[in-house]
Amino acid sequence: DYQYRMRTRRSAEKMLEEYQTAAKILYVVIAIVGVPANIVAIVILSRGKIGLSTCTTRYLVAMAAADLLVVIIEVILFRLRYFYFSWTFLSIPPTCSVIAVLTYIATDCSVWFTIFFTFDRFVAICCQKLKTKYCTGKNAAAVLATAGVLLCLKNVPRYFTRKPWKIIDNVPWFCSLVDSVFTDPGWVAFDWFDMVLTPFLPFAVILLLNALTVRH
């Protein structure tokens with residue numbers, strides 16, 4: 001039994017090591033490709049010399065900016081921090097709590113900016129009477145700004161779901177979820193609301209809009 005447990009433990013440790021190596025390579029590649037690609041996209045689109053309307057350009061710039069934030073915050077500051085700079089100020093509870101909140105905000109913005117752009121294209125293709133009133137640069141800016149503010153406010157409570165994970169020499173390190181997140185009805189309801197808002201509802205909406213657009 002002892003030898004079996006030791007073999008099982010070594011096998012699990014080897015699998016974990018292989019997984020971490022693959023994850024490290026994947027996140028590095030995403031960071032190396034994602035950051036410059038999105039920056040170039042933002043610069044090219046911002047110049048407005050590629051034959052796109054102001055409305056479309058603003059949505060595409062916002063989507064590229066949101067994707068850039070996802071790469072910087074989620075991949076570099078959150079994922080790669082674990083491998084390359086764990087014991088830094090990025091891992092103290094106040095900082096990693098802020099990073100967690102920003103991760104949710106960036107992800108939500110990336111998803112919902114795509115949804116709003118899809119709806120804009122649906123209106124432009126399928127609703128010709130509404131197109132001239134809705135598909136404008138001014139409306140796009142208003143939609144993106146409103147959505148951004150609301151998504152930021154929606155994720156602020158996430159800051160209060162973290163607590164120190166370890167205390168070493170009286171210094172708190174890293175973050176873990178507070179126990180009440182799993183038991184308090186308010187937090188449970190908030191978590192369900194968050195899952196419905198991203199990703200369940202976006203999947204349904206984007207499939208519906210694209211199906212209607214294709215059908216038209």
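**Close-up views of a predicted model**

**View 1. Pro157 and its neighbours.** Pro157 touches Trp187 and Phe190, leaving aside residues up to four places away in sequence; contact means heavy atoms within 4.5 Å. The model is predicted: local features need pLDDT of at least 70, side-chain atom pairs count only at pLDDT 80 or more, and totals for chains, interfaces and linings use all residues. Residues are numbered from 1 along each chain as its sequence is written, and side-chain values use heavy atoms, with hydrogens and water left out. Pro157 sits in the loop between helix 5 (137–155) and strand 1 (162–168). Helices (H or I, at least four residues) and strands (E, at least two) are DSSP runs, numbered from the N terminus. Pro157 counts as partly exposed because its relative accessibility is 26%; buried means under 20% relative accessible area, exposed over 50%, partly exposed in between (1.4 Å probe, protein chains only). Leu45 lies 112 residues from Pro157 in sequence and 34 Å away in space, C-alpha to C-alpha.

**View 2. The largest nonpolar core.** This core has 25 residues. A nonpolar core is a set of buried Ala, Val, Leu, Ile, Met, Phe, Trp, Tyr and Cys residues joined through side-chain atoms within 4.5 Å. Tyr59, Cys109, Phe113, Tyr134 and Cys135 have the most contacts inside the core. Helix 2 (54–84), helix 3 (93–126), helix 5 and helix 7 (185–215) each supply at least two of its residues. Helix 3 gives the most, with eleven. Not counting residues up to four places away in sequence, Tyr59 touches residues including Phe113, Phe116, Asp120 and Tyr134.

**View 3. Helix 2 against helix 5.** The two axes come within 7 Å and cross at roughly 25°. Helix 2 is therefore roughly parallel to helix 5. Axes are lines fitted to C-alpha atoms, for helices over the stretch in contact, and angles run from 0 to 180 degrees between N-to-C directions; angles under 35 degrees count as roughly parallel. Helix 2 contributes Thr54, Cys55, Arg58, Tyr59 and Ala62 to the contact. Helix 5 contributes Gly137, Lys138, Ala140, Ala141, Val143 and Leu144.

View 4. Six bridges join strand 1 to strand 2 (residues 171–177), and the strands run antiparallel. Two strands pair if DSSP finds at least two bridges between them. Pro164 has Cys175 of strand 2 as its bridge partner. Two residues lie between the strands, and Asp169 takes a positive phi near 55° in this hairpin.

**View 5. Ser86 in its loop.** Ser86 is found between helix 2 and helix 3. Ser86 is buried, at 17% relative accessible area. Its contacts, not counting residues up to four places away in sequence, are Arg81, Ser91, Trp173 and Phe174.

Terms used
Parallel < 35°, antiparallel > 145°, perpendicular 65-115°, else oblique.
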